[in-house]
Amino acid sequence: MTLEEKLAQIVGFWDKDAGEAVAPLQDNFAPPASLDDAARHGLGHLSRVYGTRPVDAGERLSWLWGRQRRFVTETRLGIPALVHEECLTGLAAWGAATFPVPTAWGAAFDPALVERMGAAIGRSMRGLGVHVGLAPVLDVIRDPRWGRVEECVSEDPYLVGTVTTSYVRGLQSEGVHATLKHFVGHSGPQSGRNFGPVHAGPRELRDVFMVPFEMALLDGGARSVMPAYNEVDGVPVAADERLLTDVLRGEWGFDGTVLADYFEVAFLHVLHGVAADLADAAGQALAAGIDVELPTGDAYLAPLAAAVRSGAVDEALVDRAVRRALRQKEELGLLDATFEGEPPVAPDLDDAEHRDIARRLAEESVVLLTNDGTLPLAAPRRVAVLGPNADRTEAMFGCYSFVNHVLPHHPGTEAGIAVPTVLDALRGELPGTEVVHVAGCDVEGDDTAGIAAACAAAQGADVAVVVVGDQAGLFGRGTVGEGNDREDLELPGAQRLLVEEVLATGTPVVLVLVTGRPYAVGWALDRCAAVVQAFFPGEEGGPAIAGVLGGRVNPSGRLPVSMPRSAGAQPFSYLRPQLGTDGEVTSLSSAPALPFGHGLSYTEFRYEDLAVLGTPTTGGGLLVSVQVCNTGPTAGDDVVQLYGRDLFASVTRPVAQLLGYRRVHLKPGAGAVVRFRVPAGRLAFTGRDGRRVVEPGDLELWVGTSADRAVQTSTVIEGPVHPVTVSDGRWTVAE
């Protein structure tokens with residue numbers, strides 16, 4: 001291969017128009033004049049063939065088939081390009097199924113269903129000739145002010161790891177490579193600001209941020225990794241050989257491909273200031289371990305070619321990256337593909353199976369935060385459905401949905417999928433009820449003119465359902481999403497005023513939060529008749545919420561992130577040490593309004609007979625058993641949560657840590673015994689010498705419907721200090 005042919009295999013091409021702002025600072029970089037010009041020596045990746053603008057899937061597939069045939073027949077090496085797409089909440093293409101956001105996956109506590117979703121997404125992608133999905137996001141939530149919370153699963157690294165590993169397994173079962181992002185620390189930026197520097201120490205990196213990546217690589221077999229934009233302790237991840245080579249490949253044995261986040265290599269020069277120019281940036285990124293520059297070749301083409309020819313960059317680094325890139329193409333069957341004959345027929349991107357998965361995941365993810373008995377609604381005569389998110393299609397989706405990511409640049413274009421709103425669905429759910437609707441205010445802005453009409457509607461109703469929350473978008477377009485960070489955690493715009501004024505009417509208020517982050521709504525929890533949380537629930541989210549309100553769906557979602565008390569208490573995690581809790585040493589409370597794992601049901605569950613079976617050991621883990629009984633009047637799902645606390649250790653330990661969980665369906669009066677086989681790896685932490693270990697000593701254990709204790713016991717872990725390696729189990733088996 002010539003140098004130009006090598007470099008062509010480690011870059012992408014992105015055919016986009018000016019004004020299609022779907023990546024940060026994208027207008028600072030100019031793509032090649034045309035695809036033909038960019039591809040004369042071949043091409044590594046085609047960037048977002050379906051996800052840049054609304055295109056008919058069948059027509060675009062036909063174009064792509066012909067383009068790939070040209071790669072085979074018109075370039076010297078005859079190597080087709082990989083095609084990558086965003087797929088965080090489903091394939092980000094016009095007319096494709098759009099599922100709940102990852103925070104909703106976490107709220108569902110159902111890895112098996114997430115795996116099924118991943119497989120459905122993978123089938124759609126593979127059917128369109130897409131090879132690599134830029135998902136899932138494994139960032140652990142550390143600060144709800146950060147705009148990208150909606151892309152994340154949870155504040156608990158184990159829950160993140162189990163759910164995202166399941167997504168990886170599903171996607172890759174259909175022959176599409178998953179890309180883990182953003183490695184590592186991206187979700188812990190200073191002050192919750194996107195791209196902000198990360199000040200995490202090595203212990204927090206190991207015991208919090210890295211845990212999900214280790215699981216998804218070693219247990220899920222993920223084939224691609226995307227480095228984070230951020231710096232950690234002054235070193236940008238994109239230039240950090242310790243992270244991208246020593247840990248990723250040396251410790252964990254990863255032999256896949258590292259794909260740069262969009263423009264990340266150039267950012268070493270443009271934003272971080274650690275590279276003198278684009279050639280220097282390319283050399284540093286290659287040396288650290290970034291194999292492919294996306295979405296284009298700003299640094300890895302002409303600047304890198306000049307650096308190699310001048311001797312500033314060793315061509316062996318280019319060869320290493322090219323070998324990895326070609327190995328990925330080989331794994332995906334591209335090196336033998338000819339693209340002869342007619343292209344395949346495009347699959348149905350939103351068929352009955354997609355809708356069924358979207359419905360189930362949305363239903364399982366709705367969290368009932370409080371309820372004075374008003375829910376489920378008992379055949380009310382008249383319901384006022386109020387609030388800016390009651391009747392908006394966009395309110396159902398996150399910022400990486402096609403609806404909110406791309407369509408704002410194409411006004412007037414239909415969503416391409418059926419999306420019943422909460423208002424639509426509630427009218428269907430309550431056929432004998434008069435349902436009136438007034439928005440009252442917008443999601444953003446201070447226009448309060450409609451609040452009086454909303455209050456008038458509430459005064460004449462038996463109950464007011466007030467649907468408030470977010471509008472997802474990017475870089476200042478919206479209230480949450482990439483680049484939409486917050487200084488406070490109040491509901492955006494005039495929405496709190498709307499809720500307060502409706503409460504003042506005396507009509508019982510059911511507050512429905514359709515958001516991408518948890519908000520500080522402690523003021524509403526005791527004053528509203530009920531409060532329901534739905535993290536952007538996707539195309540079937542409206543019927544799921546309405547089903548919970550009407551009683552057709554027994555709520556079973558649990559908070560995957562603590563409900564914050566205030567912005568001033570952030571960053572906060574339930575995984576805090578003793579001095580991170582309330583006490584006499586501070587006058588300020590950091591306790592959340594509601595704890596991690598919280599969620600109510602229309603039935604009641606009781607736990608008993610919590611016991612440790614056998615002798616727990618440092619190298620073997622422990623076996624825990626508990627009985628759960630449905631003591632209420634209706635069938636329902638419980639999420640049985642096992643927590644532990646290491647009382648005395650060589651470093652400070654969290655006051656609570658999720659060790660395992662299991663979703664259980666029980667009929668009224670029924671019970672089940674749940675056993676948790678907790679491996680040594682779930683008890684591990686980074687000791688003073690930097691090694692991950694399990695230490696002997698006292699361990700408190702408890703089971704509950706949240707991180708708060710219901711039934712508890714204690715035990716002693718016996719044996720010598722156990723050094724934890726990749727061969728130790730990481731996944732608690734719950735049966």
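A: With polar contacts: a polar contact is a pair of N or O atoms within 3.5 Å, and within protein one must be able to donate a hydrogen and the other to accept it. The model before us is predicted.

Q: Which backbone atom does the side chain of threonine 75 reach?

A: The side chain of threonine 75 reaches the backbone nitrogen of glycine 78, at 3.2 Å. Threonine 75 itself is placed in the loop between helix H3 (57-74) and strand E3 (82-85).

Q: Is threonine 75 buried or exposed, and which residues does it touch?

A: Buried means under 20% relative accessible area. Threonine 75 has 12%, so it is buried. Not counting residues up to four places away in sequence, threonine 75 touches Ala39, Arg40, Gly42 and Arg70.

Q: How is a pair of aromatic rings described?

A: Such a pair is described by the distance of the centres and the angle of the planes. In this model the count comes to 15 aromatic pairs. One of them joins phenylalanine 183 and phenylalanine 213: the ring centres are 5.1 Å apart and the planes stand at 70 degrees, so the pair is edge-to-face.

Q: Where in the chain do phenylalanine 183 and phenylalanine 213 lie?

A: Phenylalanine 183 is in strand E5 (residues 177-183) and phenylalanine 213 is in helix H8; the pair links distant parts of the chain, 30 residues apart. Phenylalanine 183 counts as buried because its relative accessibility is 0%, and phenylalanine 213 counts as buried at 1%. Tyrosine 262 and phenylalanine 263 form another edge-to-face pair, with 6.4 Å from centre to centre and 80 degrees between the planes. Tyrosine 262 and phenylalanine 263 are both buried.

Q: Which residues do ring pairs link into a cluster?

A: The cluster consists of Phe109, Tyr158, Tyr574, Phe596, Tyr643, Tyr661 and Trp702.

Q: What does valine 184 contact, leaving aside its neighbours within four places in sequence?

A: A contact here means heavy atoms within 4.5 Å. By that reading, valine 184 is in contact with Leu205, Phe209, Met210, Phe213, Ala228, Asn230, Val232, Val237 and Leu243. Valine 184 lies in the loop between E5 and H7 and is buried, with a relative accessible area of 0%. Its C-alpha atom is 8.8 Å from that of leucine 138, and the two residues are 46 apart along the chain.

Q: How many cavities of 30 Å³ or more are there, and which residues lie nearest the centre of the largest?

A: A cavity is a space where the probe fits but cannot get out, whereas a pocket is open. The count comes to 7 cavities of 30 Å³ or more. The largest cavity holds about 130 Å³ of space. Its lining has 15 residues, with Arg645, Asp646, Arg653, Leu683 and Leu699 nearest the centre. Strands E18 (636-646), E19 (657-666) and E23 (697-704) each give two or more residues to that lining. By class, the lining divides into 6 nonpolar, 3 polar and 6 charged residues.

Q: What is the volume of the largest pocket, and which element gives the largest share of its lining?

A: The volume of the largest pocket is about 890 Å³. The pocket is lined by 46 residues, of which Arg142, Glu204, Asp207, Val208 and Leu575 lie nearest its centre. Helix H6 (157-173), helix H7 (202-209), helix H8 (211-218) and strand E21 (685-686) each give two or more residues, and H7 provides the largest share, 5 residues. The lining has 19 nonpolar, 13 polar and 14 charged residues.

Conventions. Residues numbered from 1 in each chain as written. Heavy atoms only, no water. 1 Å grid on protein atoms, 1.4 Å probe; cavity = no way out; pocket = protein on both sides within 12 Å on 5 of 7 lines; lining within 4 Å. Points joined across faces, edges and corners; volume = space filled by probe spheres on them. Helix = DSSP H or I, 4+ residues; strand = E, 2+ residues; numbered from the N terminus. Nonpolar A, V, L, I, M, F, W, Y, C, P; charged D, E, K, R; others polar. Buried < 20%, exposed > 50% of the residue type's maximum accessible area, 1.4 Å probe, protein only. Phe/Tyr/Trp six-rings, centres within 6.5 Å; stacked < 30°, edge-to-face > 60°.
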